[in-house]
Amino acid sequence: MSPDRARETGARGAVDASAVLVGFARALRAAGVDAGPDRVQALIGALAVLRPGVRSDVYWSGRLTLCGSRDDLERYDRVFAAYFGGAGSGGGVVRAAPVPRLRATVREAGPVPRTGGEGERDGVPAAVLASSAEVLRHRDFGELTDAERGQLRRLLAAFAPRGELRRTARLRPARRGAVDPRRTVREMLRRGGEPAPPLRRARAARPRRVVLLVDVSGSMAAYADALLRFAHAAAHGAAHGGRAPTEVFTIGTRLTRVTRELAHRDPGTALAAVAAAVPDWRGGTRLGELLRDFLDRWGQRGMARGAVVVVLSDGWERGDPEPLAAQMRRLHRLAHRVIWANPRKARPGYAPVAAGMAAALPSVDAFVEGHSLAALERLAAVVRGADHA
């Protein structure tokens with residue numbers, strides 16, 4: 001390795017092996033897998049006695065410790081393939097290619113090659129690919145190379161944002177709760193009149209509706225693609241996963257409903273449909289006027305009522321900020337929670353002094369960043385109520 005290359009590699013820093021696994025668990029949680037700290041600790045313990053540098057050991061250890069249901073298995077395979085590179089399970093069998101052991105510190109290896117279908121990719125260790133994904137999680141979308149954008153798109157495709165759970169009037173069998181007299185009596189009759197343990201019931205819970213308002217104006221050009229892919233993961237997952245509906249609108253100089261376009265399975269096809277449907281791509285911003293249009297046409301009728309409404313915008317308002325403040329107060333009264341994700345918030349020295357952002361902030365329940373994959377993972381946690389900002 002040349003001295004310049006060595007200095008460049010050293011300057012990029014090191015990624016601890018445990019940080020790689022924690023980042024993998026965060027990506028799983030964003031995809032809907034309940035990979036909590038206890039499961040992550042179990043994974044780290046399992047890899048301590050196995051071969052943490054071998055793809056098959058990492059795959060099966062994570063599959064056995066991080067997945068809690070049958071539904072988690074497909075999500076796990078998708079995230080594993082995007083995060084570590086290559087195929088997840090390889091059709092059910094992971095090939096244990098001769099891979100170097102994962103050292104205590106793994107250094108960044110530059111751009112990641114294209115995903116292959118088996119084993120290691122072009123001789124690059126799984127640990128290095130994972131460290132690339134971990135570094136990528138914190139990179140600003142506006143600073144990514146073409147190769148990094150490709151890896152980012154694979155990671156975003158595994159997202160499954162869902163709304164915060166709410167209790168419904170429908171009752172379901174449960175281990176704890178009030179006694180269910182009908183089921184208890186039926187169980188006693190089934191036993192021939194013999195006493196039976198009381199069966200219980202509780203109110204069912206289901207995710208709240210999520211409404212995403214994505215700013216596609218010129219000032220958001222560097223972030224619009226990633227944010228729309230995040231919206232696609234939410235809309236497609238809700239349409240095909242039996243969850244509460246997710247509605248998506250683009251905002252700029254006009255308000256456009258793009259929920260139907262984002263229902264396509266393939267993200268590229270979905271974004272092409274959005275590009276054809278949105279007439280004001282990279283135009284100006286009229287947040288107050290468009291928010292009023294949304295509330296008059298859809299929100300007041302029930303779409304925003306009790307929902308989690310997420311505005312993904314830098315807050316630049318071309319017109320008078322006072323109408324935006326009034327419409328944000330109106331939205332706050334209707335919605336369960338209002339979340340604002342601003343990609344500019346991560347910049348050093350940022351303060352919400354822009355007229356539009358300052359006018360909207362008093363009616364915002366959670367003000368978060370939206371510039372990187374890690375920021376979108378945290379946004380997904382805030383949306384589902386697991387991390388109130």
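Author: Let us begin with burial. A residue is called buried under 20% relative accessible area, exposed over 50%, and partly exposed in between, with a 1.4 Å probe and protein chains only. The structure is a predicted model, in which local features need pLDDT of at least 70 and side-chain atom pairs count only at pLDDT 80 or more, while totals for chains, interfaces and linings use all residues. Residues are numbered from 1 along each chain as its sequence is written, and side-chain values use heavy atoms, with hydrogens and water left out.

Reader: Is S372 buried or exposed?

Author: S372 has a relative accessible area of 2%, so it is buried. This residue lies in the loop between β11 and α14 (373–383). Helices (H or I, at least four residues) and strands (E, at least two) are DSSP runs, numbered from the N terminus.

Reader: With which residues is S372 in contact?

Author: Contact means heavy atoms within 4.5 Å. When neighbours within four places in sequence are left aside, S372 is in contact with R137, H138, R139 and F141. For the chain, among contacts between residues at least 6 apart in sequence, 72% join residues at least 24 apart.

Reader: How many helices and strands does the chain have, and what percentage of its residues count as buried?

Author: There are 14 helices and eleven strands. Of the 389 residues, 50% count as buried.

Reader: Why is strand β10 described as largely enclosed by the rest of the structure?

Author: In a regular strand, side chains alternate between the two faces of the sheet. Strand β10 (residues 337–342) is largely enclosed because six of its six residues are buried. On one side these are R337, I339 and A341, and on the other V338, W340 and N342, so that both faces are covered.

Reader: Which strands are joined to β10 by bridges?

Author: Two strands pair if DSSP finds at least two bridges between them. Strand β9 (residues 308–312) runs parallel to β10 and is joined to it by five bridges; V310 has I339 as its bridge partner in β10. Strand β11 (residues 366–369) is also parallel to β10, with four bridges, and here A341 has V368 as its partner.

Reader: Which β-α-β units contain β10?

Author: A crossover is right-handed if, with the strands pointing away from the viewer, the path from the first strand over the helix to the second runs clockwise. One right-handed unit consists of β9, α12 and β10. Another right-handed unit consists of β10, helix α13 (residues 355–360) and β11.

Reader: What is the strand order in the open sheet of three strands?

Author: The order is β3-β5-β4, with antiparallel pairing. Its edge strands, each pairing on one side only, are β3 (165–174) and β4 (178–179). Two bridges link β4 with strand β5 (residues 200–207) in the antiparallel sense, and V179 stands opposite R200 in β5.

Reader: Which residues line the second largest cavity?

Author: On a 1 Å grid over the protein atoms alone, a cavity is a set of points where a 1.4 Å probe fits but cannot get out, and lining residues have an atom within 4 Å of a point. The lining here consists of L213, I251, L287, L290, L291, V311, L324, M328 and W340.

Notes. 1 Å grid on protein atoms, 1.4 Å probe; cavity = no way out; pocket = protein on both sides within 12 Å on 5 of 7 lines; lining within 4 Å.
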